[in-house]
Amino acid sequence: LQAALAPILSFLVPITAGISLLTKAFDVLSKQDFAVARVKTLGVNVDELNPKLAALSNELSGQASKLDLLTASYDLASAGFTKTSEVTDILKASQLGATGGFSDLNTVTDATTSVLNAFGLEADKASRVVDGFAQTQADGKIVVDQYAQQIGRLAPIAAGAGVSLEELNAAISTITAQGVPVESTFAGLRQAFSSIQKPTAEASRLAEKLGIDFSAAALKSKGLPAVLQEIVDKGGASAENLSILFGSVEALTAIQPLLNDELVKFNQNLENQSNAQGRAARDAFIAGNTIQGQLKRIGSAFTNLLGEGSEFGVVIREVLKVTAVTLEALGIAVKATFAPFRALFAFISEIGKAVTNEFGGEAIDIVIFFEEAWIKVKKSIDENLKLIVELGRKAGQVIGKLVKAIFGALKKI
């Protein structure tokens with residue numbers, strides 16, 4: 001049985017593979033068309049952007065396909081980054097961060113734009129921002145994916161308070177490295193900044209007693225390291241004093257790990273942030289040079305092959321155009337074929353309306369009469385057709401016998 005089925009299977013395998021390839025191609029082209037339309041609505045020059053994204057996909061060693069990059073471009077444009085150079089700068093940095101940070105492009109892109117906007121930075125600073133993400137991962141017990149999912153809620157508060165991104169990242173890495181959960185770290189820092197900006201009356205009295213400038217103005221002008229160092233230097237780092245200064249358990253959860261070693265680790269991580277250039281690219285290279293990374297590269301290459309602008313994509317698009325035109329022509333032909341019948345139906349319909357208007361209720365009897373007459377006509381036609389077929393069959397039998405008799409006579413001569 002297996003031997004008998006082998007030729008059939010060998011025939012079906014390439015057909016199945018071809019159908020699968022076409023299905024994938026249609027899916028890629030459909031998603032790409034939709035992504036192009038979305039980005040265009042936000043004023044992005046897609047004709048200029050497309051070739052840049054193809055080149056960027058190659059530059060990123062296939063860790064993101066052109067379709068991935070185009071899809072993520074919509075969120076960038078929504079955040080106000082619509083120039084081609086801005087889009088490519090942010091996408092490149094974000095993908096490096098996503099690859100080395102065990103995240104996805106959209107998540108890191110969203111985090112990057114949130115930070116850029118919160119701190120008033122231009123798109124060309126995206127690589128510096130993402131290098132900071134990667135360094136925070138290296139120094140803390142946190143990965144870029146976790147960081148990216150939380151930073152959007154903290155960055156605007158930190159920036160408004162005068163805390164720099166480097167200071168913020170150093171605090172996050174220091175706190176999480178001591179075992180504080182990621183969500184608690186971010187929530188605690190939000191509360192800590194709020195406590196410094198709006199201290200309670202009791203906290204203000206204690207700060208004045210200790211000679212500490214514990215205020216929004218101090219945080220903005222001196223920075224977080226200086227404010228925390230003053231607390232340490234002037235004896236404010238005891239558990240009791242910190243409880244009064246920062247008030248909530250959330251804030252203490254974040255502040256206490258920073259002060260446990262009198263800011264030694266925090267200051268070291270802050271210096272690491274200053275020297276983080278190229279960190280995301282190095283991490284991405286390591287993560288991309290794995291089996292999973294190479295599988296992603298193959299998938300991106302396949303998607304790029306099928307995408308619009310590639311030779312295969314052009315062929316598929318033209319095939320679809322020809323198919324569409326053919327179906328349109330078929331539709332026209334069908335309409336033309338049935339046009340006489342439509343005219344006849346319209347003719348009969350108008351007669352029916354006229355009869356109904358003229359005869360009112362009697363029209364129903366007239367319609368029934370015509371319906372019964374029409375049924376008889378159809379029945380008569382069917383019977384005549386059967387009769388004609390039967391006559392044809394009988395005639396064929398007679399002629400067949402005559403031909404047989406003629407051939408029999410000829411053989412005897």
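Trainee: How many of the 10 residues of helix α12 (residues 224–233) are buried?

Mentor: This is a predicted model, in which local features need pLDDT of at least 70, side-chain atom pairs count only at pLDDT 80 or more, and totals for chains, interfaces and linings use all residues. Residues are numbered from 1 along each chain as its sequence is written, and side-chain values use heavy atoms, with hydrogens and water left out. Helices are DSSP runs of H or I with at least four residues, numbered from the N terminus, and buried means under 20% relative accessible area (1.4 Å probe, protein chains only). Helix α12 is mostly covered, the buried residues including L224, P225 and E230, and their number is 7.

Trainee: Which helices do the buried residues of α12 pack against?

Mentor: Contact means heavy atoms within 4.5 Å. The partners of these buried residues are α8 (165–177), α9 (182–197), α11 (216–222), α13, α14 (249–259) and α15 (264–274).

Trainee: How are α10 and α13 oriented to each other?

Mentor: Helix α10 (residues 201–210) packs on helix α13 (residues 239–246) at about 130°, with axes 7 Å apart. Axes are lines fitted to C-alpha atoms over the stretch in contact, and angles run from 0 to 180 degrees between N-to-C directions. Angles under 35 degrees count as roughly parallel, over 145 as roughly antiparallel, 65 to 115 as roughly perpendicular and the rest as oblique. The two helices, α10 and α13, are therefore oblique.

Trainee: Which residues of α13 meet α10?

Mentor: From α10, the residues involved are E202, A203, L206, A207 and L210. Their counterparts in α13 are N241, I244 and L245.

Note on methods: Buried means under 20% relative accessible area, exposed over 50%, partly exposed in between (1.4 Å probe, protein chains only).
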